[in-house]
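Hello,

Here is the structure I promised to pass on to you. Have a look at it first, and then read on for what turned up.

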Amino acid sequence: MSQLATAIAEAIIAFTATNIDDIIILLLFFSQIDINFRRRHIIVGQYLGFILLVIASLPGFFGGLVVSREWIGLLGLLPIAIGIKQLVNREQETTEIQTISSDFTQSSSKRSIKSFLLSILSPQTYQVAAVTIANGGDNISIYIPLFAGKTPIGLLVILSVFFFMVGVWCAFAYLLNRQPTIAYVLSRVGKKVVPFVLIGLGLFIMYERGTFSLFR
């Protein structure tokens, strides 16, 4: 039960730390909803992009099958380095806003299954996925050490929490889209808190893997 709780806690912390900025991007997407760009495009695109980020991070898990947990824990230095870098460069950081063109057409037969599938597998969906991937460089750096050293069950728990959190993130962003003041405050607070969360996550990864024993 303790290992289960640990895996869930790690997953929630890692997902939150690496996806706070995605809230702003999702807010932008939801603000552009119209007859051609719909909520399902955003949600499916977000899941598709996140799945690809997870696949790119799986080498950390497979590497953990042949490398001892203590040495794997050294990968926790990655989120620590990212957090420190964000603290050092905080004043130099700029917010990049990516826009989406909604110049697409849809089939008029919206009631058919074929039309629904075509709308899901539309260019709008792929553009959302592309933005998610482009914004996910830190995700891979964090998820590789997170996956490393986990048992198959532990990895399954983490992935389950991740995919649940993607849905929560989409719902949260959709609701925030109606509260621009709250969104602004969240973005300001998130930028200040994320570096410390990443550093804490890296230390936790090293502690949980027993890495500190290497320095005794």
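Let me start with phenylalanine 215, which lies in the segment after helix H10. (Helices here are DSSP runs of H or I with at least four residues, and strands are runs of E with at least two, numbered from the N terminus.) At 57% relative accessibility, phenylalanine 215 counts as exposed; the cut-offs are under 20% relative accessible area for buried, over 50% for exposed and partly exposed in between, with a 1.4 Å probe and protein chains only.

Before going further, a word on the source: this is a predicted model, in which local features need pLDDT of at least 70 and side-chain atom pairs count only at pLDDT 80 or more, while totals for chains, interfaces and linings use all residues. Residues are numbered from 1 along each chain as its sequence is written, and side-chain values use heavy atoms, leaving out hydrogens and water.

Phe215 also belongs to a nonpolar surface patch of about 760 Å², together with Trp71, Leu203, Phe204, Tyr207, Phe212 and Leu214. Such a patch joins nonpolar side chains (Val, Leu, Ile, Met, Phe, Trp, Tyr) within 5 Å, from residues with over 30% relative accessible area and no salt bridge. Areas come from the Shrake-Rupley method with a 1.4 Å probe. Helix H10 (residues 180-208) gives the most to this patch, with three residues.

Next, the charged side chains. The count comes to one salt bridge, meaning a side-chain nitrogen of Lys or Arg within 4 Å of a carboxyl oxygen of Asp or Glu. Lysine 150 and glutamate 10 form it, at 2.4 Å from N to O. Lysine 150 sits in the loop between helix H8 (137-147) and helix H9 (152-176), and glutamate 10 in helix H1 (residues 2-30), so the pair ties together parts that are 140 residues apart in sequence. Lysine 150 is buried, at 9% relative accessible area, and glutamate 10 is buried too, at 0%.

Leucine 53, in helix H2 (residues 39-57), is also worth a look. Its relative accessibility is 3%, so leucine 53 counts as buried. Leaving aside residues up to four places away in sequence, leucine 53 touches Thr132, Ile133, Gly136, Asn139 and Ile140, where contact means heavy atoms within 4.5 Å.

Finally, there is helix H5 (residues 77-88). Its buried residues are Pro79, Ile80, Ile82, Gly83 and Gln86. They cover an arc of only 165° around the axis, which puts them on the same side of H5; the arc is taken from the directions from the helix axis to the C-beta atoms. Lys85 and Val88 are exposed on the other side of H5.

Enjoy exploring!

Methods. Patch = residues over 30% accessible without salt bridge, like charges linked within 9 Å, V, L, I, M, F, W, Y side chains within 5 Å.
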